[in-house]
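I opened a new page for this model.

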Amino acid sequence: MIEKTGKDVLVKVLMHGVLVGFALFCIVPMLVVISISLSDEKDLLINGYSLFPRIFSSGAYDYILTSPNALLNAYGVTILSTILGTVFGVLFMSMAAFPLSRPDFRYKGWITFYVFFTMLFSGGLVPTYLVVTQVLQLQDTLWVLFLPVFISAWNVILLISFFRSIPFEMVESAKIDGASEVTIYWKIVLPMSKPALATVALLVALRLWNEWFTSMLYIREQSLVSLQFWMQRVMQNMQFLLMNQDVMGGGAALLGDLPNESARMAMAVLAAGPMMFVFPFFQKYFAKGLMVGSVKG
Amino acid sequence: MELLLLCIPVIVVLFLFNYLPMAGIVMAFKDFKPLDGIWGSPWIGMKNFEFFVRSDLIWNVTFNTVMYNLAFILLTPIISVGFAVMLNETGNRVMVKAYQTLFFLPYFLSWVVVSIIFYAFLSTENGLINSAIAVIGIEPVSWYSEIGAWPYIILFAGLWNQIGYNTIIYYAGLMAIDPALYEAAAIDGAGRWQRFLHVTLPMLSNLVVVMMILGIGKIFFADFGLFYQLPLQSGTLLPAVDVINYFTYRALMQLGDYGMGTAIGLYQSVMGLILVLVTNWLSRKVTKGEQGLF
């Protein structure tokens, strides 16, 4: 047994201090953003931002929701591409990881290398852009929002190492009972791998939900703009108006009336919010899923 | 046979979006004309690589990329392992869970959202930092044109984003250490610090090595969002935040110079591949084949 001494307690208190400090560091900036989004615009302009709203106002949200069509459309695009990409991503990657985790699969070495090599070498941005736009002609489609990013070698490897921890005897005895490979995959392997599947699903969903770059590259059609890219453009337009308000003269008066500063923050809240709600549900699987993947990988 | 069929979707997707672009690298040696397509455009030898010797820009952006990434590769494991060990030592299940959740939050935000969060702190007129320094009598700073501060802001934001994720990975690694080792160390009279040095660090080292090799393989690749979104695309700040990916992006979207863009990408990928192979070989050599990625 390790003795509890005064020094021991002090060390523990110090550690908690450091950990609490960093935890605050992570959460406070987000609370600040929420607080600003709920502040009165005129007060913000006079007194600057503050940690807590001095004058409470939902003006920023009202302003954004007066013309909600673009926002709702962007939500729809992002939700759809996230769901499609996550469902098919997890399905395809687990389908491939199952054979690749089997010691008796003949092409295991070759296919694993084929997958792994994409982590070591890539064609780069420009060839990818040309393949997507010239060869596959996917620009301005919903597909392009997830197809280039929904399969990743890292996640396949994470799944392979998780599947390997399933006793091979279970697979063998099912085979003796006459089950087909697909049945074994669907009925035995998948149900036993919930932590790994949830982890990979979360990683893929996160990537797709936060995707702005593919939109910026491939989407010109207004109705297919994703949430993050839409927000980026609104921010840019606001910045542009702000920088040019002296030049445009009348613009300044106009700007004073719009909830500019608080609206930026409200948009950040709206864009990040849904992920924040989903996250705790995955959390319980997450540490376990990542653990097996990283330790054995 | 059935097993092979299960692999087909992944093989096809990777072929289309990873292997076809690799074949597209031939464009680095071609004068790309949209009408002639990738295969029909004429060969021009090494002409697309001329800008490497013609201007210093590529070396500047390479320097930026490598320096930022080196800082991340070194600082991330030090801080994350530190936090992971602290989580492990405090040993309170409920608290550990709460810490993990909070640490992990920044990882969930897109760079667009992070750029808005940072704007709340850095805005010249309303920002919290300027309000705070005004209290102690310092004049407001125009952060979005204060180029000297940006290497630190970028570093800070990158770490803020990544530390939680890495802490969880290292914490998971700690959980996998056999408790018997700690008990044996305690019986031998090892204190907290000695247990850390002689049990925790050696047991975690393989994970750290793997994470570092992965980092080194990506040392020529920057997380584009961090460098593009965070400075709100301020032109003044470009010299401080210009990285190879940003340069390629401009070659593609602003200059429309596909040949040059491909050439930069090839340079990035080849350097990255060489570095991974060398680091992995070195790591295996030094540890006599025990530690490495493959």
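**Entry 1: a helix pair across the chains**

I began with helix α6 (residues 125–135) of chain A and helix α14 (residues 258–286) of chain B, which pack at an angle of about 125°, with their axes 7 Å apart. The model is predicted, so I treat every value as computed from it. Roughly perpendicular ends at 115 degrees and roughly antiparallel starts over 145. α6(A) and α14(B) are therefore oblique to each other.

Next I looked up who touches whom. On the α6(A) side I found Val126(A), Pro127(A), Tyr129(A) and Leu130(A). They meet Tyr258(B), Gly261(B) and Thr262(B) in α14(B). I sorted the residues of this contact into 5 nonpolar, 2 polar and no charged.

**Entry 2: the whole interface**

Chain A puts in 99 residues and chain B 92 residues. I noted a buried area of about 8,900 Å² between chain A and chain B. Carbon and sulfur atoms give 80% of that area.

How many salt bridges cross the interface of chain A and chain B? I found 0 by the rule. For polar contact between chain A and chain B, the count is 12 residue pairs, both residues at pLDDT 80 or more.

I also asked which helix of chain A gives the most to the side that touches chain B. It is helix α1 (residues 6–37), with 18 residues.

**Entry 3: salt bridges**

Over all chains, the rule gives 7 salt bridges. I picked out one of them. The side chains of Arg102(A) and Glu181(A) meet at 2.8 Å, N to O. I then checked where each partner sits. Arg102(A) lies in the loop between α4 (69–100) and α5 (108–120) of chain A, and Glu181(A) lies in helix α9 (residues 181–192) of chain A, so the pair ties together parts that are 79 residues apart in sequence.

**Entry 4: chain B**

The C-alpha trace of chain B spans about 75 × 70 × 40 Å along its principal axes.

Helix α4 (residues 57–90) and helix α13 (residues 244–255) of chain B pack at an angle of about 140°, with their axes 8 Å apart. α4(B) and α13(B) are therefore oblique to each other. From α4(B), the contact uses Leu57(B), Ile58(B), Val61(B), Thr62(B) and Thr65(B). From α13(B), Ile244(B), Phe247(B) and Arg250(B) take part. I sorted the residues of this contact into 5 nonpolar, 2 polar and 1 charged.

Terms used. Residues are numbered from 1 along each chain as its sequence is written. Chains are lettered from A and ligands numbered from 1 in the order in which they are written. Side-chain values use heavy atoms; hydrogens and water are left out. Contact means heavy atoms within 4.5 Å. Buried area is the accessible area (1.4 Å probe) that two parts lose on being put together, summed over both. A salt bridge is a side-chain nitrogen of Lys or Arg within 4 Å of a carboxyl oxygen of Asp or Glu. A polar contact is a pair of N or O atoms within 3.5 Å; within protein, one must be able to donate a hydrogen and the other to accept it, and residues adjacent in sequence count only if both atoms are side-chain atoms. Helices (H or I, at least four residues) and strands (E, at least two) are DSSP runs, numbered from the N terminus. Axes are lines fitted to C-alpha atoms, for helices over the stretch in contact, and angles run from 0 to 180 degrees between N-to-C directions. Angles under 35 degrees count as roughly parallel, over 145 as roughly antiparallel, 65 to 115 as roughly perpendicular and the rest as oblique. Ala, Val, Leu, Ile, Met, Phe, Trp, Tyr, Cys and Pro count as nonpolar, Asp, Glu, Lys and Arg as charged, and the others, Gly among them, as polar.
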